[in-house]
Each structure stands twice: as structure tokens, then as C-alpha cells.
Amino acid sequence: MGLKEEFEEYAEKAKALPENTTNENKLILYGLYKQATVGPVNTSRPGMFNMKDRAKWDAWKAVEGKSKEEAMSGYITKVKQLQEEAAAAS
């Protein structure tokens, strides 16, 4: 299985992560996903009253230097880690 196929598989698995997944972890996944699928940030930073979108933008900006492949690998690793944590907690 190629990296892209594995990434797409884990993007689906991420949708099944538990409700109690922290916002911090969700933001890490969001940033890696956007970097893997879109590339570097291509929008301006949302205003300070739009906290949610601003946090998502910041998470994406934080991984800006990664290649698409690095972002995909990081995303897969993070989803695996969160699945293991969820399994250990249940």
C-alpha cells in the first residue's frame, strides 16, 4: 500500500476517534491533514474574534515546512497514537 492510500485510510479512521479526543490533538491532525492535502497555508489568518478558525489556521501554519509526504506520515502516526490511547482507556 502506498503512502497516499494509507493516509486516506487513516483519514477515514480519524473520523471514528472518540468524542473525548482533545482539541489540541484534533488541531494537530487538522494541520497535518491540510498540509498533506493542500500544501502550505494559502489563506490569511482569521481575525481574533474567530477563535476556532484562527486555531485551525495556526495548527496548519505550525507544520508549514513539512513536505506532503512528511505531513501524511505524521498524520498516520498521530491517528495510530490516538487509537492506541483510546483503546487503553476503554
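Select K80 to begin: leaving out residues up to four places away in sequence, K80 touches E6 and Y10. Contact here means heavy atoms within 4.5 Å. The model is predicted, so local features need pLDDT of at least 70, side-chain atom pairs count only at pLDDT 80 or more, and totals for chains, interfaces and linings use all residues. Residues are numbered from 1 along each chain as its sequence is written, and side-chain values use heavy atoms, with hydrogens and water left out.

**Stop 1: K80**

Colour helix 4, residues 68-89; K80 is in it. Helices (H or I, at least four residues) and strands (E, at least two) are DSSP runs, numbered from the N terminus. The classes are buried under 20% relative accessible area, exposed over 50%, and partly exposed in between, using a 1.4 Å probe and protein chains only. T21 and K80 are 59 residues apart along the chain, and their C-alpha atoms are separated by 13 Å.

**Stop 2: E6**

E6 is partly exposed, at a relative accessible area of 23%. Show its partners: beyond four places in sequence, E6 touches M1, I76 and K80. Then pick M72. M72 lies 66 residues from E6 along the chain, with 8.6 Å between the C-alpha atoms.

**Stop 3: Q83**

Return to helix 4 and select Q83. Its relative accessible area is 29%, so Q83 counts as partly exposed. Which residues does Q83 contact, leaving aside neighbours within four places in sequence? They are Y10, K13 and L17. Y10 was also a partner of K80. Bring T21 back into view: Q83 and T21 are 62 residues apart in sequence, and 9.8 Å apart in space, C-alpha to C-alpha.

**Stop 4: K78 and N25**

Stay on helix 4 for K78. K78 counts as buried because its relative accessibility is 12%. With residues up to four places away set aside, K78 touches N25, I28 and L29.

Now select N25, in helix 2. N25 is buried, with a relative accessible area of 13%. Draw the link between the two side chains: a polar contact of 2.9 Å joins N25 and K78. A polar contact is a pair of N or O atoms within 3.5 Å; within protein, one must be able to donate a hydrogen and the other to accept it, and residues adjacent in sequence count only if both atoms are side-chain atoms. N25 also touches L82.

**Stop 5: Q35**

Keep helix 2 coloured and select Q35. Q35 is buried, because its relative accessibility is 1%. What does the side chain of Q35 reach at 2.9 Å? It reaches the backbone oxygen of K66. Show W60 too: the side chains of Q35 and W60 make a polar contact at 3.5 Å. Beyond four places in sequence, Q35 touches P40, W60, V63, E64, K66, K68 and A71.

**Stop 6: the largest pocket**

Rolling a probe the size of a water molecule over the atoms shows where empty space is left. About 480 Å³ of space lies in the largest pocket. A pocket is an open set of points on a 1 Å grid over the protein atoms alone, where a 1.4 Å probe fits, with protein on both sides within 12 Å along at least five of seven lines; lining residues have an atom within 4 Å of a point. Grid points are joined across faces, edges and corners, and the volume is the space filled by probe spheres set on the points.

How many residues line the largest pocket? There are 17, and A14, K26, L27, L29 and Y30 lie nearest its centre. Helix 1 (3-14), helix 2 (23-37) and helix 3 (51-62) each give two or more residues to the lining. Helix 2 gives the largest share, six residues. Colour the lining by class: ten nonpolar, two polar and five charged. Ala, Val, Leu, Ile, Met, Phe, Trp, Tyr, Cys and Pro count as nonpolar, Asp, Glu, Lys and Arg as charged, and the others, Gly among them, as polar.

**Last stop: residues 3-88**

Zoom out and select 3-88. An unreviewed UniProt entry places the feature "domain: ACB" there. UniProt positions use the numbering used here, feature names are shortened, and annotations may be inferred rather than shown by experiment. Over residues 3-88 the chain is 70% helix and 0% strand, with the end C-alpha atoms 27 Å apart.
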